[in-house]
Amino acid sequence: MIELINVTKRFGEKVAVNNLSLNIEKGKLTMLIGPSGCGKTTTMRMINRLTQYNKGDIKLNGVSINKIDPVKLRRSIGYVIQEIGLFPHFTVYDNIATVPRLLKWDEKKIKKRVEELLDIVTLDINFAYKYPLQLSGGERQRVGLARCLGADPEVLLMDEPFGAIDPINRLKLQDSFLEIQEEIKKTIVFVTHDINEAIKLGDKIAIIKDGSLVQYDDPAEILANPANKFVEKLLGQERSIKALSLKKTKDFILKDNFVTVSDEETEREITKKLQEKKANIAFVLDKDNKLIGRYWLEKSKKNEQVEINFDDSPVFAERNNTLSETLSTMLGSGEKLLPVVNRKKIFVGIIKLNNIFEEVNK
Amino acid sequence: MEFLGYYQGIILKELLRHLEIIAISIPISLIVSVPLGFYISPRPKLAKFVIYITSILMTIPSLALFGFMVILLAPFNLGLGMVPAIIAIALYSLLPITRNTYIGLNQVPQGMIEAAKGMGMSSKQILWKIKIPLSIPVIMAGIRNAIVLGVSVATFASLVAAGGLGFFIFAGIGRSNLKMVLVGAILVSALGIGVNYFLLTVEDWVTPKGLKIKR
């Protein structure tokens, strides 16, 4: 899809990228990682010709990008940077419509596309007419993602898109991002300096040091066989626990042995239902299957009567959480069983602590 | 009051003349300083030089500047009247407008321009769709400064026989007529305040809505 062939880039005397060759595969999420100043961002910026390389060649679908007009090339490639660069004087709608308008789509088609994209990034349609200054950091990030998907480009370049987001929201955004990628299957080049992010998101990881490629492989292979001391150090301690990050919650979802109820059922009905099924937890779903609460049975301390309790914001795992994230959610909340939802909070099943332990023991 | 009644006609005439001087000199200054600001915006070394020169122009005492104009223009038979006044005020406005145009264009965050470029906007599109809308409030503030400054500097226009509200002040001084000086001074101040207020409204009106939002 994208081939970098012996690419070299110099800034004056300094060699930023040194004879680097990399074959980025179609439909894969390729992470470029390395210490700051290692040339990962330069490598990415050469792909849409924001930086011009000195030697070698880059081919997109077999065509040298030097033969493509840079403005046209950039319109065919989605681009997100750390500060996102949303235009403050444009509404969310106009921001997302930027590239389609540059490509002179008709307004009807643009409107449909913007609505579709807002839905994909789970933003309400009301956001369309807000301005970037009215959004939170996470919301802006979603708009940034929607904007780079505007004209449905085949390739996306993302330069530390979640870098400026707090850790909790970053995990959420990563989960939604992975789920979106499952649907859109774009060829993505993603620059990061966070090894956990690289392991969690990447189909492939390219480790770069001093402008040269050190190792390029899938995350499992890199964790199992680091090429050298540098990679080992980058991976850090606890490699066996990091390996848990390779497993996704969605692969451990149980589709049966749980009770779900609608929000219209009474507590008495739910208690009866639970006792019949010999269960003690019921998940409350609305008509769209969104998780909106949890009932559980507990023996009262005073008498031996069974009481029913309700919690309107139950702890949950997202299907793209890594096993290690779900494990720490479980340990943090003291639950042995968590409901699993997707990015739109739609209930998709449950996950049990036992299953995670089995995986660790393998 | 009696005074105002007596001078009613002259007050109106000199007020209009005062505005006329500004209305001619500011557009002349705009034609030079806005393009100059755009030209120097990507050239930091030249910008430093240009802003230095324009700020020197501004340190010349207004009275002296009018004097220079009279002497320099005398050989062309333009030493007195509107011409020296207009040129002097236009020179004074160069700094605030050029400087604010330069600052306005350069305060647009680099990340935003990178994003625009990365999405495939041409340099022209970046200028018209991103840089100009985002710098217009700052440029407008510069123009407002220049005009308000011009209102007060134009007082000296009457010394070069161009008329304007300065007439009351200088004629008053000549006749030791306190009332006359006061009327002139108050009129100049009131005009300055009024013009400032009006231009603030214009500024608010040209500022893109997305920039005015408070979090």
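## Domains of chain A

The centres of domain 1 and domain 2 of chain A, taken over C-alpha atoms, are separated by 35 Å, and the contact between them takes 10 residues from domain 1 and 12 residues from domain 2 of chain A, where contact requires C-beta atoms, placed from the backbone, to lie within 7 Å. Helix H7 (residues 167-184) of chain A supplies five residues, the largest share of the side of domain 1 that touches domain 2; helices here are DSSP runs of H or I with at least four residues and strands are runs of E with at least two, numbered from the N terminus.

This is a predicted model, in which local features need pLDDT of at least 70, side-chain atom pairs count only at pLDDT 80 or more, and totals for chains, interfaces and linings use all residues. Residues are numbered from 1 along each chain as its sequence is written, while chains are lettered from A and ligands numbered from 1 in the order in which they are written.

## A sheet in chain A

Strand E16 (residues 337-341) of chain A pairs with E17(A) in the antiparallel sense over five bridges, and Ile350(A) in E17(A) is the bridge partner of Pro339(A).

## A loop in chain B

Pro42(B) sits in the loop between helix H1 (2-40) and helix H2 (44-59) of chain B.

Notes: Pairing = 2+ DSSP bridges. Domains from an automatic or database assignment. Contact = placed C-beta atoms within 7 Å.
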